[in-house]
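These notebook entries record what I looked up in one structure.

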Amino acid sequence: MSDGTYVLLTCVVGILLLPLLTAVFNLKDKVRGSDISSHRSAVAATKTVNVIVLVALLLPAASNSFSSVCLPEFVYAALVINAAAFISWNFFAMTDTSMHIHILTEFYRVTDLSKADLLARYRKDTIVAARVRRLLTLDQLRLQDGKLTVAGRTVLLGAEMCKLFRFVLGIPIRPPV
Amino acid sequence: MNCAISSGLLLGLASFVLGWILHFLVWRIKRPEAYPIWLPLILFLGFAVATAIYLTCFGGITFSENVEVLASALLLQTVLTAGYLMGYAGIIEYSPSAEVLYAVASYPGGVRAQDLDVNSLTDEFLVGKRLDHLVSAGLVRQSKERFSIEPIGRLIVEFTIVYRRMLFEPPFGEG
């Protein structure tokens, strides 16, 4: 097998491992009786796969079966694995946080609804409450003395990047309410 | 040094950047409504152009080397395009989680959950707009004032249930 094929196959195996390890970490939480959060497990799976791929790229070099290991291979593998991890996490996030999917599930559970019925089941207050719970789980918010404060910067950093892209692409930066 | 992966890395990055510049130019002229179709099409057009330039000017000596370069560039282009497409949904949809964080940050001493007012969000903006999307995408049917799910919408929900069960998550997300 050529060096290039080995790097490509390592990346493909890493991509396949991402959702599998997310499920394994969730199962571990379930067995322990802890709260399951695929958002948290996806981060743990990403870190683990990065280590596995790094070791897989270093091992052949150590045993001299690889011509050499260079920076471009690591940069390539890091880009592919972390972009795939973002896709894998987003795919789960779509089933968990997407309001389109949630509205579909409301119609899935009953025969039909009017818009008022739908808003009685799913509206701004329920969405904000669900987001606050999730942000607390992800350590982006902190509850201290009954008050919420911002604790983490990851989601805000993502939001700032979205703002930058909106500015560049000519899309309104803030919600047009 | 592995030339195939190095060339694949450069070709993949160059093609993604080229595709992104095309996307920027098109969006500045007119932003298409059906972005899930147009965005990957434009980004992969960048890949096609970059590949044609590579094969014409810098094509490898052997066929197998060219295959490795193109396969590695295609894999990189695919994950970057899919990642950007998913991130793009966050760019145009305004994440309520980010709005919650901005609202909490606007209270320097913190805020009780019941007093939190996220005034950048409304029922119509969050739910009404998305219900319209689902109706126009043919996933929900409107009959006078009543709405019900179409078979394709049912299939999507059932797929998400199976996927979430595989991850040991409850069948429905909170939204």
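**Entry 1. Conventions**

I note that this is a predicted model, in which local features need pLDDT of at least 70, side-chain atom pairs count only at pLDDT 80 or more, and totals for chains, interfaces and linings use all residues. Residues are numbered from 1 along each chain as its sequence is written, chains are lettered from A and ligands numbered from 1 in the order in which they are written, and side-chain values use heavy atoms, with hydrogens and water left out.

**Entry 2. The interface of the two chains**

I began with contacts, meaning heavy atoms within 4.5 Å. By that rule, 94 residues of chain A touch 86 residues of chain B. I then looked up the buried area, which is the accessible area (1.4 Å probe) that two parts lose on being put together, summed over both. For chain A and chain B I found about 8100 Å², with 70% of it on carbon and sulfur atoms. On the chain A side, A:Tyr108, A:Lys124 and A:Leu169 lose the most area to chain B, together 9% of what that side buries.

**Entry 3. Salt bridges between chains**

How many salt bridges does the structure hold over all chains? I counted a side-chain nitrogen of Lys or Arg within 4 Å of a carboxyl oxygen of Asp or Glu. The total is 16, and seven salt bridges cross the interface of chain A and chain B.

I looked up two of the crossing pairs. A:Lys115 bridges to B:Glu124, with the closest N and O atoms 3.1 Å apart. This pair runs from helix α5 (residues 115–121) of chain A to helix α5 (residues 123–136) of chain B. For exposure I used relative accessible area: buried is under 20%, exposed over 50%, and partly exposed in between (1.4 Å probe, protein chains only). A:Lys115 is partly exposed because its relative accessibility is 28%, and B:Glu124 is partly exposed because its value is 44%.

The second pair is B:Glu99 with A:Arg174, at 2.8 Å from N to O. B:Glu99 sits in helix α4 (residues 96–105) of chain B and A:Arg174 in the segment after α7 (154–169) of chain A, so the pair joins two chains. I found B:Glu99 buried at 4%, whereas A:Arg174 is partly exposed at 37%.

I also noted a network of salt bridges that links A:Asp96, A:Arg134, B:Arg164 and B:Glu169.

**Entry 4. A salt bridge within chain A**

Which parts of chain A does the pair A:Asp29 and A:Arg40 tie together? Their side chains meet in a salt bridge of 3.7 Å, N to O. A:Asp29 belongs to helix α1 (residues 3–32) and A:Arg40 to helix α2 (residues 38–62), so the bridge ties together parts 11 residues apart in sequence. A:Asp29 is buried, at 12%, and A:Arg40 is partly exposed, at 37%.

**Entry 5. Helix α6 of chain A**

Helix α6 (residues 124–137) has 14 residues and reaches 20 Å from its first C-alpha to its last, close to the 20 Å expected at 1.5 Å a residue. The expected span is 1.5 Å times one less than the number of residues. Its buried residues include A:Lys124, A:Arg131 and A:Arg134. After the helix comes A:Asp139, with a positive phi near 60°.

**Entry 6. A:Ser88**

I located A:Ser88 in helix α3 (residues 71–97) of chain A. A:Ser88 is buried, at 16%. Leaving aside neighbours within four places in sequence, A:Ser88 is in contact with A:Leu18, A:Pro19 and B:Tyr163. A:Ser88 and A:Tyr108 are 20 residues apart in sequence and 25 Å apart in space, C-alpha to C-alpha.

α2(B) has 23 residues and reaches 33 Å, close to the 33 Å expected. Its buried residues, among them B:Leu39, B:Phe47 and B:Tyr54, pack against α1 (3–29) and α3 of chain B.

Is B:Phe58 buried or exposed? B:Phe58 lies in the loop between α2 (35–57) and α3 (63–93) of chain B and counts as exposed because its relative accessibility is 57%.

Note on methods:
Helix = DSSP H or I, 4+ residues; strand = E, 2+ residues; numbered from the N terminus.
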